[in-house]
Amino acid sequence: MSIKATITAISHYVPEDILSNSDLEKLVDTNDEWIKSRTGISERRILKKGATSDLAFPAVQNILKQRNISPLEIDTIIVATVTPDMFFPSTACILQEKIGAKNAFAFDLNAACSGFLYALVVGSQMIESGSQKKVLVVGADKMSSILNYKDRNTCILFGDGAGAVLLEPSEDETFGVLDNRLYSDGSGKDFLYMKGGGSLNPATHETVDQQLHYIFQDGKSVFKVAVIGMADVSAELMTRNNLTSENIDWLVPHQANLRIIDACAERMGIDKSKVMINIERYGNTTAATIPLCLSEWWHARKIIKGQNIILSSFGAGYTWGAVYLRWSLDPPTN
Ligand code: COA
């Protein structure tokens with residue numbers, strides 16, 4: 001019997017402060033109607049004080065409580081993020097210390113908006129190898145820390161948040177993380193990036209003056225490849241697992257733009273009622289969007305044991321991919 005990894009606890013955290021479209025109207029030349037119709041976003045959350053590990057911490061605390069385990073039982077912590085607390089040590093190490101997971105080894109993974117899927121696959125394979133029993137996979141980003149609130153092309157899109165899951169060996173190999181397909185294409189570096197602060201452009205007065213420490217995105221170019229990438233990889237996973245749109249219960253797409261989500265669902269033939277969407281409340285939280293959706297839906301008792309779920313993402317790099325899950329977690333008790 002082969003071991004499969006399955007999600008045995010799930011949680012999320014978003015900060016309290018809301019930045020609405022009308023708040024943004026005061027900062028840049030934009031309006032609520034444009035933002036809603038072009039992106040589907042109404043508001044996003046902003047962490048005013050603290051760092052990415054402070055977003056991840058409450059989510060992970062909830063997971064330990066939910067599963068009723070000691071932090072000492074955690075074997076591995078993977079944090080997917082593009083907004084680490086600092087370059088080093090890793091945010092995963094900072095989180096490890098915060099939760100007291102003294103027996104875990106911890107590392108960050110950077111695959112931008114596909115970070116959670118990449119981390120989920122890496123974590124699952126550690127479980128499948130038999131070497132790890134409890135792996136925490138976190139997607140967390142404080143996007144407000146790298147946004148230019150004078151650039152209307154980007155500042156309206158993103159928000160702060162975190163989502164996390166605990167992976168453990170599945171008791172039944174027909175449940176859990178059943179298949180995945182991940183892709184990268186480094187030519188995407190010209191369309192979505194943050195050039196300042198790294199070894200290419202170490203921080204200087206000039207790099208700050210040139211605003212290189214902010215996100216840059218050529219939205220139109222990214223939009224086109226995101227639709228094709230997410231739809232194609234999801235279709236590939238459906239075909240090789242003999243899944244039709246009827247026997248997929250949920251599509252969990254990365255939440256970058258409602259129009260991308262709609263186009264992807266349409267190309268997959270999936271009815272909108274089966275697509276998890278919360279972009280209107282949080283915007284694009286980068287590595288957090290997918291676990292944030294899954295967690296909200298599970299807490300609302302909308303995900304049922306045995307359901308087939310496709311997770312699908314596209315992000316900077318370019319990175320993209322899809323994961324096929326069969327849900328094994330019972331609904332929350334309270
Ligand atoms: N408010 C008002 N007008 C805006 C605006 C804003 N916030 N941002 C841009 N505009 C203007 C542009 O200047 C442009 O004006 P022009 O025609 O006079 O030049 C017009 O609106 C259309 O801009 P465009 O960039 O073509 O809009 P779009 O329909 O492509 O939408 C994005 C822009 C960013 C929302 C969209 O391209 C997108 O979502 N891209 C992909 C994001 C993504 O998936 N990223 C990957 C994961 S992070």
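A salt bridge is a side-chain nitrogen of Lys or Arg within 4 Å of a carboxyl oxygen of Asp or Glu. K26 and D23 form one, with their closest N and O atoms 3.9 Å apart. The model is predicted, so local features need pLDDT of at least 70, side-chain atom pairs count only at pLDDT 80 or more, and totals for chains, interfaces and linings use all residues. Residues are numbered from 1 along each chain as its sequence is written, and side-chain values use heavy atoms, leaving out hydrogens and water.

How open are the two partners? Buried means under 20% relative accessible area, exposed means over 50%, and partly exposed lies in between (1.4 Å probe, protein chains only). K26 counts as exposed because its relative accessibility is 66%. D23 has a relative accessible area of 25%, so D23 is partly exposed.

The whole structure holds 16 salt bridges. Another of them joins R267 to D232, with the closest N and O atoms 2.7 Å apart. This pair links distant parts of the chain: R267 sits in helix α8 and D232 in helix α7, 35 residues apart. Helices (H or I, at least four residues) and strands (E, at least two) are DSSP runs, numbered from the N terminus. D232 is partly exposed, because its relative accessible area is 38%.

Helix α8 also takes part in a further pair. K272 forms a salt bridge with D262, and their closest N and O atoms are 3.2 Å apart. K272 lies in the loop between α8 and α9 (279-282) and D262 in helix α8, so the pair ties together parts that are ten residues apart in sequence. Salt bridges can also form a network: R67, E73, K134 and E168 are linked in one.

Now take a charged residue without such a partner. K4 lies in the segment before β1 (5-13). K4 is buried yet has no salt bridge. Which side chain of opposite charge is nearest to K4? It is E128, 4.5 Å away. Lys and Arg count as positive and Asp and Glu as negative, while His and the chain ends are not counted. Leaving out residues up to four places away in sequence, K4 touches several residues, including E128, E168 and F175. Contact here means heavy atoms within 4.5 Å.

Next come two threonines. T81 and T83 each lie in the loop between β4 and α4. T81 counts as buried because its relative accessibility is 6%. T83 is buried too, because its value is 4%. Which residue meets the side chain of T83 in a polar contact? It is D141, at 2.6 Å. The side chains of T81 and D141 are also joined, by a polar contact of 2.9 Å. A polar contact is a pair of N or O atoms within 3.5 Å; within protein, one must be able to donate a hydrogen and the other to accept it, and residues adjacent in sequence count only if both atoms are side-chain atoms. T83 and S145 are 62 residues apart along the chain, yet their C-alpha atoms are separated by 7.5 Å.

Last, the ligand. Of the 23 residues around it, T30, R38, Q217, K220 and N257 come nearest. A residue is near a molecule if one of its heavy atoms lies within 4 Å of it. A polar side-chain atom of R38 lies 2.7 Å from an oxygen atom of the ligand. For R152, an N or O atom in the side chain is 2.9 Å from a ligand oxygen. For R259, that distance is 3.0 Å. Helix α7 gives the largest share of the shell around the ligand, four residues.
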